[in-house]
Amino acid sequence: MARGFDYVIVGGGSAGCVLAARLSENPATRVCLIEAGGRDTHPLIHVPVGFAKMTTGPMTWGLTTVPQKHANNREIPYAQARVLGGGSSINAEIFTRGVPADYDRWVEEGATGWGFKDIQKYFLRSEGNTILSGGWHGTDGPLGVSNVPDPNPTSLAFVQSCQEFGIPYNPDFNGSVQEGAGIYQTTTRNNRRCSAAVGYLRPALQRPNLTLITGGLVLRVRFEGTRAVGVDYATAGATEVIRAESEVIITAGAIGTPKLMLLSGVGPAAHLQSHGIKVVQDLPGVGQNLTDHFGIDIVAELKGHESLDRYNKLPWMMWAGVEYALFKSGPVTSNVVEGGAFWYADRNAPTPDLQFHFLCGAGAEAGVPSVPKGSSGVTLNSYTLRPKSRGSVSLRSADPRDTPLVDPNFLAEPDDLRISVEGVKTSREIFSQPSLAKYIREIRHPDQSIRTQADFEAYARQYGRTSYHPVSSCRMGQDEMAVVDPNLRVRGLDGLRICDSSVMPSLIGSNTNAPTIMIGEKAADLIRGNA
């Protein structure tokens, strides 16, 4: 016999954890959260430096893109979390939110009620900042936000080099001005990662009206006519059914959500029919409009061992572990991606169109070039903040265990390539400024043979990768390609909402975890009738 709940939430990532915590605040409401991955018990999740070890492996879905037509037909690794907390459990913990104009643009794109003045309160409600306060920051929210306690010398040199290049110092990327360079604030509390699972879900799990299922792969949403009434899910031993008396809420992310929608018969009719799936609702926008940041790295070898790479050697690694275990201090408290900047490829742009991430190490992430063995290095990543290229998520087959076809369609638009190249050129200029140059033996990637515009374009096509920010594959709006309305209800269906990064009308100009948590917060109010 199927178990029954008021709300069944599919996907225990950033938004799913927020919704499970908020909806279960009412003791009369029965909430079930289903996550395909396991519990967030791995120790690397909870130490800030652990990010560098989790971009591949069992806590991801092991995805790669389809061959990227405009990036040398490469199949690019595409890390998506498969663990409680989702991306907030394995990301680099960077806390940025974009600029007000990003959200005001959403309104122009059909997302009524999602302008900055409408959603700022949800950012403030979620944020528990230990340093900053005032009109731009919350201090009492579940999401812990703090400063990197002891930035690496090379990260500080990066910030100074940016100033030498002409990018001003900015102590707060989430304040009234985004442009500038500084040390990122991170989603950490007491020198430990504060994921949505830690900040939101863990305290809520004590409530008897909240049920958590991990290791449960949702196979499809069940419909009676055009009303969602529950889900089928598989565990290691069996397939089970859960009923939703009020709503099914999908929070499986910008890749998992369109996949589940398609498997459930909601999406472009021709695509569903080609896989033998019965059409419940012909929604042509499901899986379309996929957008992501295309990050391009440059890597330098250092003269000495000032970066975190020194801790790749066992004696140093053991020392760092002891220091953290005893004092909660030292290199383990670093998120690796300590330094950042927002700047312009086009100085006439109203807001920055480039973002930079400085990693005080080399080869920290899968697929990123490194330095010769035994050396230490640093990495600077840049990307176009508001790319014009649009891709898709589609089914490989009707088997829920098959990975979907993910096509971000990177660099399809000439402007994306042009701005990306400016980012690489600017990165190399920053590395050449005095504060960083004194540490650097040689810029290894790209080497000095890369000089012309064509050289830089070829480098971008060959070395660019995902920045882990897919959005918009079930976008919100009011036109025929919109999948959900501004209340996040799936168009043409009852009892079904999507409440995650897939609903963003377009990609915002920053990292996407904090905005996804904001979506979860506003969604909870919409569902409870408080928005």
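These are my entries, from the whole chain down to single residues.

**Ground rules.** I am working with a predicted model, where local features need pLDDT of at least 70, side-chain atom pairs count only at pLDDT 80 or more, and totals for chains, interfaces and linings use all residues. Residues are numbered from 1 along each chain as its sequence is written, and side-chain values use heavy atoms, with hydrogens and water left out.

**Overall form.** I began with secondary structure and found 14 helices and 26 strands in the chain. Helices (H or I, at least four residues) and strands (E, at least two) are DSSP runs, numbered from the N terminus. Next I took the extent: the C-alpha trace spans about 65 × 50 × 45 Å along its principal axes. How does the radius of gyration fit a compact globule? For 531 residues the rule gives a value near 24 Å, and the chain, at 22 Å, agrees. That radius is taken over C-alpha atoms, and the globule rule is 2.2 Å times the number of residues to the power 0.38.

Buried means under 20% relative accessible area, exposed over 50%, and partly exposed in between (1.4 Å probe, protein chains only). The chain exposes about 19,500 Å², with carbon and sulfur atoms supplying 50% of it; accessible areas come from the Shrake-Rupley method with a 1.4 Å probe, and for residues only the protein chains shown count as cover. I also checked contacts (heavy atoms within 4.5 Å). Of those with a separation of 6 or more, 71% are between residues 24 or more positions apart.

**Aromatic rings.** Rings of Phe, Tyr and Trp (its six-membered ring) pair if their centres lie within 6.5 Å; planes under 30 degrees apart count as stacked, over 60 as edge-to-face and the rest as tilted. I got 12 aromatic pairs by this rule. Phe-158 and Phe-358 are stacked, at 5.0 Å centre to centre with 15° between the planes. This pair links helix α6 (residues 153–165), which holds Phe-158, to strand β20 (residues 354–359), which holds Phe-358, 200 residues apart. Both Phe-158 and Phe-358 are buried. Why did I log Trp-343 and Tyr-344 as edge-to-face? Their ring centres are 5.2 Å apart and their planes are at 70°, so the pair falls in that class. Trp-343 and Tyr-344 are buried too. I also noted one aromatic cluster, formed by Tyr-103, Trp-106, Trp-114, Phe-116, Phe-123 and Trp-136.

**Backbone.** Which residues does a cis peptide bond join? I found His-445 and Pro-446, with omega about 0°. Pro-446 sits in the loop between β24 (440–445) and α13 (453–463). I then looked at two asparagines with positive phi. Asn-72 has phi near 60° and lies in the loop between β3 (63–64) and β4 (77–78). Its relative accessibility is 42%, so Asn-72 counts as partly exposed. Asn-289 has phi of about 75° and belongs to strand β17 (residues 288–290). At 18% relative accessibility, Asn-289 counts as buried.

**Surface.** Last, I looked up Leu-314 in helix α10 (residues 314–327). Leu-314 is exposed, because its relative accessible area is 55%.
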